[in-house]
Amino acid sequence: MKQLLLISAFLSGISIHAFSQCCSAGNPVGGDATMGLFSKNQWIINIGYKHSASDQYFHLSRKADMNIVDESFFDYNQISVNYGISKRLAVFAETGYFWDKTQKLTFDSSEIKIQSHGLGDLQINLRYKIIKSANPRHQLIFSGGIKLPVGAFNEEQDGIVVPVSLQPSSGALKYNVSFFYSSKKPDKKLGLSCFTLFEASRWIEKDFLIHHYGPYLQLTPGFNYSLKKILISAYIKYELRGKDQRENNSIIESSGSQILLFNPSIRFSISGDWSFSLSTDLPIFKYVYGYQLTNKYAIQFGIRKEINRAYSVKVKD
Amino acid sequence: MKNIKMTSYQINNLNLIRAFSVAFSILIMILMIQACDQPEIPKPEPSDNLSIDSLVTTKSDLVIWEKAYITAYTRGKNLKFKWTTNHGSMLGRDSNTVTYWACPSCIGINTVKCTVTNEYGTVSDTIAIKVRLK
């Protein structure tokens, strides 16, 4: 049984986190690395730390010489819980806390920091295994859910409310659907997988702020290679963001992008219950509309604990 | 009579699940309380004790990356300022003047709101700033 769990963990142990373009409002988009990993009465608790940094403006696919924002970064802790209701159905919840969400600026020859911190949004999803087979071991999982804007959206510094892009919460209710497919022969070390996610947002109508985030699509194909308790993964992540809108359905021209990233990760498992992971996102190609600050790199460290309640209970009459 | 036997490992796991469930429930409750609307506070009439007489900007039509200085002319003592805008960034030092700076994503007509509070209540005023590409 433990071997089965270990193979299952390897099969699904990819890091499918997307790092939102630093810094955009709300939690980083994506999921955790547990989408393909659940069984009945099993709890999976995942705690992660993430650092993402940006320092270069782009116009279309070229660097743009704009030096007002010197650097932008965030430090974020995420916690997620996945519970297997049945063999095929699981419920997933995720939230997080931004310890530091910062923009460094040079303004009138002096360096200034705009900072915020606070609770992010709460994501709740249902996951369903559509296909599951033993040999070759492959599975297709559907996930659908919502992201509730329960986090901090009114952070201020020195009496000034920080820009929407620096707020810990996105301020908008979001819907997401995703599919995860993985395949691996039991006697082979190499496995393949693909993750795709679509996220749509509702309008923010708060006081005089009327804003609509563009839709987001992610496609992440890749492979993983297992060496006993170590899993090495390499993925190519394609991110497409639609343009944002404001009042009267006006399109915000400096929004929306197409980004291609390289996402390598390594996961180390201890006795099937605990595992540690390290992954990074490195942009390969960026195409942005208008002028936008783009992501330079993102790095994530995670700890995962699996708790199985499917233990045997002895009953004596 | 039914007797259920569990190993210490299973008991530990159960305790962990219980602890986590309680912590998660508390978190959800805190989030729900935070999400509740605040009661509306009646707005006081402008007086020498508290008022914003005007909001004045050095420039109301900006090209991206341009700056404007916005000043709130107020009456009253022990004033606490709060500045908000729908698009754009502002910098200041808890004073009655802020620097508004036009970013590429704030093209359009933007609203800057100044809210002033002291022991007599809260008043606010708004000003429009237009941001153009060129």
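Visitor: In β17(A), which residue is the bridge partner of Arg246(A)?

Guide: First, this is a predicted model, where local features need pLDDT of at least 70 and side-chain atom pairs count only at pLDDT 80 or more. Residues are numbered from 1 along each chain as its sequence is written. Strand β16 (residues 245-246) of chain A runs antiparallel to β17(A), and two bridges join them; strands are DSSP runs of E with at least two residues, and two of them pair if DSSP finds at least two bridges between them. In β17(A), the partner of Arg246(A) is Ser250(A).

Visitor: Which strands stand at the edges of that open sheet?

Guide: The order is β12-β13-β16-β17 (chain A), with antiparallel pairing. Two of these strands have a single partner strand each, so one side of each is left without a neighbour in the sheet. Those edge strands are β12 (204-206) and β17 (250-251) of chain A.

Visitor: How many residues apart in sequence are the parts that Phe74(A) and Phe98(A) tie together?

Guide: Rings of Phe, Tyr and Trp (its six-membered ring) pair if their centres lie within 6.5 Å, with planes under 30 degrees apart called stacked, over 60 edge-to-face and the rest tilted. Phe74(A) and Phe98(A) are edge-to-face, at 5.4 Å centre to centre and 80 degrees between the planes. Phe74(A) lies in strand β3 (residues 69-84) of chain A and Phe98(A) in strand β4 (residues 89-107) of chain A, so the pair ties together parts whose separation in sequence is 24 residues.

Visitor: Which charged residue sits over the ring of Phe98(A)?

Guide: A charge counts as over a ring if NZ of Lys or CZ of Arg is within 6 Å of the ring centre and within 35 degrees of the ring normal. Here the charged end is 4.5 Å from the centre of the Phe98(A) ring, and it belongs to Lys101(A).

Methods: Chains are lettered from A and ligands numbered from 1 in the order in which they are written. Side-chain values use heavy atoms; hydrogens and water are left out. Helices (H or I, at least four residues) and strands (E, at least two) are DSSP runs, numbered from the N terminus.
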